[in-house]
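Student: I would like to work through a structure with some questions. Can we start once it is on screen?

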Amino acid sequence: MASESTTVTDSMSRRRRAFDWLSESLWTVVVGSLLVIAGGTLVQVSNGAFSTTPVEAWQALVNPDVIFNLQSWQAFLLGGELPEMNRQSLIVWNMRLPRVIVAVLVGMNLAVSGAIFQAVTRNELASPFILGVSSGAGLMILLVLVVFSGATLVIPYVVGSLRLGISSLLPIIAALGGIGAFVLVYAIAWKNGTSPVRLVLAGVIVGTVFQSLQTGLFFFANDIGVVQSAIAWTTGSLTGVEWEEVRMALPWTIPVLVLSVISARQLNVLLLGERTASSLGMNVERMRFALSAVAVVAAAASIAVAGIVGFVGLIVPHMVRNIVGSDYRRLVIGCLFAGPALMVAADVGARLGLMVLAGSSEQMPVGIVTGLLGGPYFLYLMRKQDTMGEI
Amino acid sequence: MPGKTPGPDGGVSQVITEPASRENGETPADGAQTDDGHADSETGGSDFRGEDLVVGYPSSEQPVIDGASISVAPGEVTALVGPNGSGKSTLLKGLADQLALESGVVRLDGADIHDMETKELARKLGLLSQENVAPDSITVETLVEHGRYPHRDFFDGLTDEDRTAIDRAIELAGVDHLRDREVGQLSGGQKQLVWIAMVLAQETDVLLLDEPTTFLDLHHQLEVMEIVRALRDDSDMTVVVVLHDIQQAARHADRMVALKDGKIRARGTPEEVITEQLLAEVFEIDAAVERTPRGPRIEPLRPRHEADSDGET
């Protein structure tokens, strides 16, 4: 045995090994993603109806009066009064930057959510929407827009009552619809416990029925505006997002990120299969549900601000896995950077694509761009790899 | 830890080939097997036993194991043998609490294992399943590291104790030279040794192995059995191993338990269990058994058919 010689270097190599998993390939992903995000941000903040050069936009962005002003952050993150600032900074900070930040948050949530679902189902082709989340959210969106569009919700309040148009609650209702569908999928799949295959099948069942109902509801939409709005929601769009959306997504994103990073080891053990995980003392059923719940909250948070953006949650974990391997300690962190990179880049395409191609000032839903990127990427993978589907 | 079992003479060893089974192959579901007088349980290793186990799968009505009792001598290697479908793997899963028992109880040092917290059980009892999957790109060392799962809390990093256990497991399994290789690049035999290293990193008192040698080449089969023997000799581990190859079991195990149709047909030392009569009854083969200093040697001759058993006794 070759073990005698190792004892000398043991204590040294041990220390080294503790952080071994922070590999070079992971740094590549992180740095590359940051560059893409920075580039995308610069493009996004310098383009728009009020034209600015990239230099002006950059100056407006790094304006110390905004960055080092507590009041401006209060306004952005808590929704207070905006302080005085010059016009360019106002446009960049208040109108263009939120869209980039929301793209970053959505990208993080979707990528991590997809990565978790791929481990939970032990299937590389799983996406955040595999357990019915998108169809549940989509159905609720259609119901609200088509059937209950005029309804108002009256919430009794301390003094008088709070009247809310139901459309203003759309993001929350959509997210709740997604979570509801997930619970339904779990209930259908449960029979003395679940299994990855049963979960996926139940997701297909619920997805198919909800999708049909959703498509059926389009027939009752009598206004093209409603249809367009419904399409924007169900394909995912970042048009017109503001700090309001940042404030909506951030409180969910932070715990999701923390939980996903610290559960990386649990995900790694789940990848060894249920039997091994269970004989190692993991309560597989409980862990699977908890991790799925984290992933669903992440997906729901992104749906609430951007609608149902497809493919990001599917391809980002895939791309990252190809580079850093399937160790979830690396994969999750890689996803936290690559997800935003893809989302920011796709949103540049969604916002400026038609302008470049057709000279039109119209914007596409970002979900269309991610789909256009995602399909060919999978084609490329399919031709290159023999073993798709296995992690 | 107290010394090893004083001798192989404890009450466990007598053969209890149920007399009924000789006549018609049907054992009356019985409590007769619980009677191993287990006087010597206060010795080294862990006392591990299953009492009146009925184990089945949720998908089928009929239990696979129907009333088996097994008590494993501490610090010894016990082999479960039997033909395909005899329930040996099922029994092992029942013993490891991986399949819910329909009735009966498994005790580890007197405590019902079903009442134990899952991680607590995994610190005392290790199970290596027959087929294992790992992502191809995981390194050997990382895989073995997962064996420390039951010793770590949700937030814990690797302690020095964990690292020592990992190093020791890797060394015991003889895979030090593979340490930084990716699991996907290894041969079947190397993979199996790595998986054994993982389950050794759990540092349990009892180790259950489900057909660890099936599909391996002879070299790796012997490697695995050598590890098993070293565990018993050096670490005083209690090992239960399902073996497909009865010759291998006869050669390497201290005790054997022969199953057929979910019932235990014989138990004892290899010399006691391996008889021509048992091979005919349980394995349905005609075979010549030769006593050698290295245990009984089996020479399989021909399969027996139902017609054969009618004419002979």
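Tutor: Two residues are in contact if their C-beta atoms, placed from the backbone, lie within 7 Å. The model is predicted: local features need pLDDT of at least 70, side-chain atom pairs count only at pLDDT 80 or more, and totals for chains, interfaces and linings use all residues. Residues are numbered from 1 along each chain as its sequence is written, and chains are lettered from A and ligands numbered from 1 in the order in which they are written.

Student: Which residues does B:Ala197 touch, not counting residues up to four places away in sequence?

Tutor: B:Ala197 is one of the buried residues of H6(B). A residue is buried if 20 or more other C-beta atoms lie within 10 Å of its own, exposed if 12 or fewer, and partly exposed in between. With sequence neighbours up to four places away left out, the residues touched are B:Val144, B:Ala169, B:Ile170, B:Ala173 and B:Val175.

Student: How far apart are the end C-alpha atoms of helix H6 of chain B?

Tutor: Helices (H or I, at least four residues) and strands (E, at least two) are DSSP runs, numbered from the N terminus. The expected span of a helix is 1.5 Å times one less than its number of residues. Helix H6 of chain B has 14 residues (188-201) and should therefore span 20 Å, and its end C-alpha atoms agree with this, at 20 Å.

Student: How many of the 14 residues of H6(B) are buried?

Tutor: The buried residues of H6(B) pack against elements of chain B including helix H5 (160-172) and helix H7 (218-235). H6(B) is largely enclosed by the rest of the structure, because the number of its 14 residues that are buried is 12.

Student: Which residues touch the most other members of the largest nonpolar core?

Tutor: A nonpolar core is a set of buried Ala, Val, Leu, Ile, Met, Phe, Trp, Tyr and Cys residues joined through C-beta atoms within 7 Å. The largest one has 195 residues, and the two that touch the most other members are B:Val194 and B:Ala197.

Student: Which helix gives this core its largest share?

Tutor: The largest share is 18 residues, and it comes from helix H6 (residues 87-120) of chain A.

Student: Is A:Leu97 buried or exposed?

Tutor: A:Leu97 lies in helix H6 of chain A. Leaving aside neighbours within four places in sequence, A:Leu97 is in contact with A:Val45 and A:Val92. A:Leu97 has 23 other C-beta atoms within 10 Å, so it is buried.
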